[in-house]
Amino acid sequence: MSEVAMTPIQDEHVPDSFLREFWNHFKPNKGAVVGLALIIAFVIIAILAPLLAPYDPTLLQDNALRLPPIWAEAGTWSYPLGTDDVGRDILSRLIHGARISMGIGFAVVILSLSMGLFLGIFAGYYGGKVDRLIMRFIDIVMAFPSILLAITVVSVMGPGISNAIIAVAIVAVPNFTRIVRASVMAERKKQYVMASKTFGASDLRIMFNEILPNCLAPLIVQATLGFSDGILNAAALGFLGLGAQPPTPEWGTMLADSRPFIESSPWMVTLPGLCILFSVLGFNLFGDGLRDALDPRLKK
Amino acid sequence: MLRFILGKLGDLVPTLIGISILSFVLVRFVPGDPVMLLLGERGADPAVYAQMKKDMGLDLPVWRQYINFATDAAQGDLGTSIISKRPVVKEFFDRFPATLELGVVALLFAIIIGIPLGIIAAVKRNSFYDYFLMGGSLLGYSMPIFWWGLVLILIFSVQLGWTPVSGRMSVMFYIEPWTGFMLIDTLTSEVRELDGLAPFWSALSHLILPAVAMGTIPLAVIARMTRSSMLEVLGEDYIRTAKAKGLSRYRTVAVHALRNALIPIVTIVGLMFGSIITGAILTETIFSWPGIGRWLVASINARDYPVIQGGVLFIATMIVIINVLVDLAYAVVNPKMRG
């Protein structure tokens with residue numbers, strides 16, 4: 001309590017009061033808290049995958065083909081979520097799949113964010129010809145439907161996880177570019193920018209040291225949502241046979257492999273899809289909550 | 001206004017040139033030799049190989065190849081499919097009605113359900129309904145539709161046996177294409193005299209699951225958009241005036257608020273064409289729907305490079321033109337945007 005009472009006296013730029021204020025706005029949004037919990041759960045599973053998984057995810061077991069999960073009549077505790085058509089433990093594969101999907105999401109966000117950040121900050125700061133050139137390029141990329149562009153890129157570079165990451169990241173660049181550009185344009189005429197200019201700060205310094213920290217809020221929101229798009233698009237590529245290749249336990253690839261068994265062993269199809277759905281949902285819920293908490297216009 | 005229209009159309013030219021360069025360059029890098037692909041065994045003969053390469057224009061410098069590609073494309077010639085040996089444009093338009101029919105039905109499904117749900121959520125803001133509907137819409141928005149399609153098949157085709165698993169029409173009927181829309185072509189008098197309504201029901205039952213799968217994400221987007229657009233409008237002065245005049249709550253919401261809230265919703269729907277194509281690629285693959293999405297995936301797997309190049313260029317061009325039309329329509333409705 002005493003800390004709360006202290007707040008007005010403190011310097012208004014003290015970082016922990018910002019965090020506390022953020023948490024106070026974020027906490028009442030139950031959906032966002034659920035989203036954060038989902039993300040933390042998936043990240044922990046991803047980090048501890050080798051410890052948590054009861055079996056090697058690629059271990060073939062001839063004596064355990066397409067065993068049903070425990071809630072079915074013939075299910076056993078030795079394979080709680082059943083096994084697939086070549087006798088691999090599905091629980092272990094899903095746990096390792098979390099590692100792959102979280103890794104893909106992270107790589108996609110880092111790649112697309114850094115590309116989009118550079119393009120957006122230059123377009124927004126310099127305006128004029130630079131802006132027109134960059135935005136024309138972005139318009140062109142955006143004319144291609146995301147999955148169509150991604151599958152074309154993968155078909156050029158060859159299927160596989162790293163190429164799928166590059167393809168999905170390229171598709172996401174326009175979102176980041178537009179968001180960074182819009183916030184840089186709003187900032188660049190402000191007085192603190194003018195002040196640094198009069199002090200002789202270089203353009204690069206103004207862009208990255210002065211303006212960028214003030215544009216972080218929308219960027220963080222977009223990065224969170226970029227995670228969910230990345231996971232979803234990479235899984236779609238895996239499903240089309242263009243992403244991770246078997247026997248990699250990637251959720252989309254697992255779905256594609258299990259399609260022939262949809263009638264006889266439906267759990268092989270439903271479980272990987274639920275993992276995709278809930279990981280994507282977690283990032284979307286969290287991103288939504290972040291936006292509401294960080295966007296001052298929506299504050300009551 | 002005229003200046004605004006001309007400006008928009010002027011912007012279109014460099015974008016279209018960029019699109020054609022990008023689709024040309026992308027496909028140039030597809031691994032595999034198109035000449036060998038076309039000739040097969042006969043390509044082993046160097047003379048035949050060289051002649052074919054010349055016929056295809058592949059012996060020219062790359063920039064000449066691009067000029068040829070672009071001038072042909074501008075005249076509506078996108079080359080010939082290596083697999084079917086038919087013009088790409090013909091192949092495209094053979095399949096386009098199937099995708100269009102699926103897309104239109106999916107969007108109608110999304111609009112008819114999404115707008116009322118969004119209105120309910122806005123009117124009952126912060127109630128249980130609001131949280132439930134918005135939670136549901138976020139779930140729909142997060143849906144991997146390639147999985148959702150399989151789950152729908154599992155429930156409605158495998159378990160309940162209500163709908164067919166895949167395809168567009170029962171093989172028992174032959175329907176002469178007229179509009180290319182099965183739901184319309186099965187209702188012509190000739191078909192009805194021969195088979196009654198059975199072909200229509202067959203077409204409808206094949207269409208329902210893919211349309212629901214494809215419409216789920218647009219439904220979620222439309223519901224959320226309707227909610228936020230309605231909330232904004234409901235706070236405006238003229239709504240307070242309408243209430244003050246003593247108009248019924250229903251009339252205030254359904255007439256005064258909705259009419260104004262619709263503008264951004266219509267824009268969003270107009271701009272959904274691109275995501276519809278994305279949806280079509282995945283949905284058509286799952287349901288073996290004979291449209292352009294499945295055709296493109298098959299062409300990419302078969303390295304049918306004129307089809308990839310032509311198909312991608314065609315779709316991107318359509319999207320750009322539709323986006324400009326939406327922009328123009330928006331400017332006509334809302335003069336504030338013309339600045």
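This is a predicted model: local features need pLDDT of at least 70, side-chain atom pairs count only at pLDDT 80 or more; totals for chains, interfaces and linings use all residues.
Chain B brings 42 residues to the contact, and chain A brings 37. Look for Phe146(B), Trp147(B) and Leu150(B): together they supply 18% of the area that chain B buries against chain A, more than any other three residues.

**View 1. Salt bridges and polar contacts also link chain B with chain A.**
There are two salt bridges between the chains. One of them pairs Asp11(B) with Arg136(A), whose closest N and O atoms are 3.8 Å apart. On the side of chain B that touches chain A, the elements giving two or more residues include helix H1 (2-28), helix H7 (145-159) and helix H15 (305-333) of chain B. H1(B) gives the most, with eight residues. By type, the residues on this side of chain B are 31 nonpolar, eight polar and three charged.

**View 2. Thr152(A) sits in helix H7 (residues 146-157) of chain A.**
Is Thr152(A) buried or exposed? Thr152(A) counts as buried because its relative accessibility is 1%, and buried means under 20%. A polar atom of the Thr152(A) side chain lies 2.5 Å from the backbone oxygen of Leu148(A). Leaving aside neighbours within four places in sequence, Thr152(A) is in contact with Leu26(B), Ile300(B), Ile308(B) and Val312(B).

Methods: Residues are numbered from 1 along each chain as its sequence is written. Chains are lettered from A and ligands numbered from 1 in the order in which they are written. Side-chain values use heavy atoms; hydrogens and water are left out. Contact means heavy atoms within 4.5 Å. Buried area is the accessible area (1.4 Å probe) that two parts lose on being put together, summed over both. A salt bridge is a side-chain nitrogen of Lys or Arg within 4 Å of a carboxyl oxygen of Asp or Glu. A polar contact is a pair of N or O atoms within 3.5 Å; within protein, one must be able to donate a hydrogen and the other to accept it, and residues adjacent in sequence count only if both atoms are side-chain atoms. Helices (H or I, at least four residues) and strands (E, at least two) are DSSP runs, numbered from the N terminus. Ala, Val, Leu, Ile, Met, Phe, Trp, Tyr, Cys and Pro count as nonpolar, Asp, Glu, Lys and Arg as charged, and the others, Gly among them, as polar. Buried means under 20% relative accessible area, exposed over 50%, partly exposed in between (1.4 Å probe, protein chains only).
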